[in-house]
Amino acid sequence: MDFETVIGLEVHAQLLTCTKIFCGCSTAFGRPPNSLTCPVCLALPGALPVLNRKAVEFAMKMALATGCRINEQNVFARKNYFYPDLPKGYQISQDTLPLAEGGHILIEVQDGNTKIGIERIHMEEDAGKLIHDEANRASYVDLNRAGVPLIEIVSKPDLRSPAAAVHYLKSLHEILVYLEICDGNMEEGSFRCDANVSLRPRGQSTLGRRTELKNLNSFRHVQRALEYEVTRQRRLLEKGLEVEQETRLWDEAQGMTMSMRSKGEARDYRYFPEPDLVPVVIDEAWVAKVRADLPELPQARRERFVSAYGIPAYDAGVLTSDRRLADYYEDVVRLCDRPKIAANWVMGDVMRLLNEDRRGAHDCPVMPESLAEMILLIEEGVVSGKMAKEIIEQMYRTGRPPAQIIAEKGMVQITDEGELDATIAAVLEANPRQLAEYRGGRDKLFGYFVGQVMKLTGGKANPKLVNDLLKKALHHD
Amino acid sequence: MELHSLTIHELQDMIRAGGTTATRITEAVFQRIGAVEPKVHAYIRLMKEEALAQAALADEDIKRGDIKPLTGIGVALKDLLCTRGVPTTCGSRMLQNYISPYDATVVEKLAAAGAIFIGKTNTDEFAMGSSTETSCFGPTRNPWDTDRIPGGSSGGSAAAVAADECIAAVGSDTGGSIRQPASLCGVIGFKPTYGLVSRFGLVAFASSLDQIGPLTKDVEDAAIMMNVLAGYDPRDATCVATQIPDYRKFLGRDISGWLVGIPKEYFAEGTDREVLDAVEKAVQSVEKCGARITEISLPHTKYCVAVYCIIAPAEASSNLARMDGIRYGLRAKEARDLAEVYTKSRTDGFGAEVKRRIIIGAYSLSAGYRDAYYGKASQVRTLISRDFDEAFRECDIILTPTTPTPAFKIGEKVENPLQMYLSDMFTISANLSGIPAISIPCGYTHAGLPVGVQFLAGRFEEARLLQFAAAFEKSAAVEKRRPVV
């Protein structure tokens, strides 16, 4: 029987606010355990949550970027369950009135773009972390992460293959990072994913029984776990067996999913509206303000780079892979109007230098003005391409503009014909034997003379001019 | 008159006139406590040392002429309010040794206003009760008859004010927990509009109903306390940013021509005859002030207790989830795994009434029942609220008995929780609808037990409510008796 795979993803993204969603504690990662806590995120008796409006704005950005409808009335709800990493005994989340609903993103699959529906995006708080000490048979709780803002992005069951799921996930990741509302770090858990998978006979419209997969900590895990699970379910169905509705954990080491809890053990979260928070009203004006601050999204920007700058799709892809890099590139182009040359420099030396230092384009010491200036200096023949390679290194180390470096190092090309003629004359005079051989037909010696001129000028002679003048001198006499 | 029996404004007048000192007042209060506390048991913890040190500092201020609204005034705090340095127990074994690292907003405000904290008063466990009998520290006794309960849950605060073991007290009111004990102890109890006083640092019972308010010896003191307690707090998202007038300025103003609604549903069967008689006299006093009386209907009144019995436990079941034995509070030592840490700690830490409400609350929120219970109760709550909106379109004030009976005997209703819940039947509606309400003494039964009358006003109408209460207080001139402990 031919089965169709149906996948829906639930993505949790940590928002990059400076402080937690319901208190003023820092959201910094990797600090000593429980050093970033207060009565609110420790859930001490009497402490109350107060909403961080920045977190709402960040969440709104994602909602707008994915074409969701933002609900005017936003109600927080308590999701009740006991676990030591959840200090209040409930997570403040959203239930019936989430932040946003009904959006979509486009993903590129083999046969063009496919729309993947976004069911809803809601805000909630992260839990703390448990650290288990097997040796001492003890468990510790670190609540630094408790209260870090999260958004949960729930897709519609529109994904038809593990590859499409990963594609969708990467697109979400790219958008979140582009919006600068999430650092996208999967290892540190700032971008997490659960997957719902089911199979159904092709052509059937109702959904098959699904399993929920957890512990998918990288794109690779997502792909492997989904592939495993699809195969596992297919085998069951082919044998005429049923898929049990359950939550399964991906074990990367063993390369398989394992049952964690069945439907019978499913938790009852006893949701109810959070009485400690008033509903957040998101009016048109607020939406408009956030919308106005929205950057151009990666997909649109890629397309524009190709059409407006005439650069190859590959270049556009590289340059827009990072929002700040794309901004940098556009600044350079605006100043020199040489899109392709600028692309080569940015993708070449600039990215190499930045990568060596693990630096972002936003704090590149080579200012866009400087790079633009250098591109024009090359074009004007003031510096050679080879000199430029050295100059950009200097620009990167010192942060100075090219003109200054050129002046300091005396790196301006010699384009004075009289001066070059004199140098050529001196070279020919100093090498009578070679001159005779050349004239005797050893054309290859032309390069030797160029080299000698370059050596005498310290490499500063304009190569094209040297060529022209040398030819003239050799054939003239 | 002895200092401990005076009001805030009387003592402040004396302080200003150089007639007494903070230290003398504080000493007088502790002397009184020494005499009557063994019989009343209003306090869970006394703060004598701290209070005397505070008083000495207050006297320095007084010498400099720096006299704040509560300078030198001994205030008792319900032990549901977080205080740095001394335990905040909530009357529960769970938090018996818990010391908050921070002060509740109202505690900060009272301290900033010069108040001297006398101690932490007894309360039903996590404020769940109407008699102070569910406290793990044992019941508080009514100073008017120590065989009787003082009401609850702020029974310790009410008894302390009534027995002159403090000058004024602070309580919290979720379904009547300030007004009902105030009524049974013959003092003033004031529940402000939901959102007027910050709840930050009040250990939550039912978050959408809880509100902090004062218990005092007269209306003027209630106004003075409200001047200090009210006001926006950025740490409580439900606290409303509203202009706070000087409530004292409204006292003494005329209320003639005001329309006072008497809801017929609050005078149905089941209310004690002597209570009804006293309330009837109160109505006459109101009329004497020139106010007009009209019978009104609050048609959804009969659902108040039922709605409350769903919503309050539902919220409580969630609010008390943090008492899990992990970070603070009681943790069962013999627990072998996580499930046992939870079950044993909570089994040992919570008393029967708290457990009952957690179970009811969790049940009413659980899958398959949520819509029928919590959902339906929330809808009816809106209807109850609308009844009041409707009534206040016409009326300035609504007048009802505070409680259906005077103080009952200790142990009388412990085995009958439904009977116990009904003692809040007249007070719950103000919490469900968020409106301000005051209980004020209006007479005594033949046995000499105090009876209170309740006045309710529209949201954020505390100035007018206090104005009305002060006019009534003057007009009624209820005989000032002192309980003999």
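Which residues lie nearest the centre of the largest cavity? I found Phe22(A), Val40(A), Cys41(A), Lys88(A) and Glu125(A) there, among a lining of 20 residues.

I noted the ground rules next. The model is predicted, with local features needing pLDDT of at least 70, side-chain atom pairs counting only at pLDDT 80 or more, and totals for chains, interfaces and linings using all residues. Residues are numbered from 1 along each chain as written, chains are lettered from A and ligands numbered from 1 in written order, and side-chain values use heavy atoms, without hydrogens or water.

**Cavities.** I used a 1 Å grid over the protein atoms alone; a cavity is a set of points where a 1.4 Å probe fits but cannot get out, and lining residues have an atom within 4 Å of a point. I counted three cavities of 30 Å³ or more.

**Sheet.** I read strands as DSSP runs of E, at least two residues, and helices as runs of H or I, at least four. Three strands of chain A form an open antiparallel sheet, ordered E5-E4-E15. E5 (90-93) and E15 (272-273) are the edge strands. E4 (77-80) pairs with E15(A) over two bridges; pairing needs at least two. Arg78(A) stands opposite Phe272(A). Helix H9 (304-319) of chain B touches E4, E5 and E15 of chain A; contact means heavy atoms within 4.5 Å.

Technical notes. Axes fitted to C-alpha atoms, helices over the stretch in contact; angles between N-to-C directions. 1 Å grid on protein atoms, 1.4 Å probe; cavity = no way out; pocket = protein on both sides within 12 Å on 5 of 7 lines; lining within 4 Å. Points joined across faces, edges and corners; volume = space filled by probe spheres on them.
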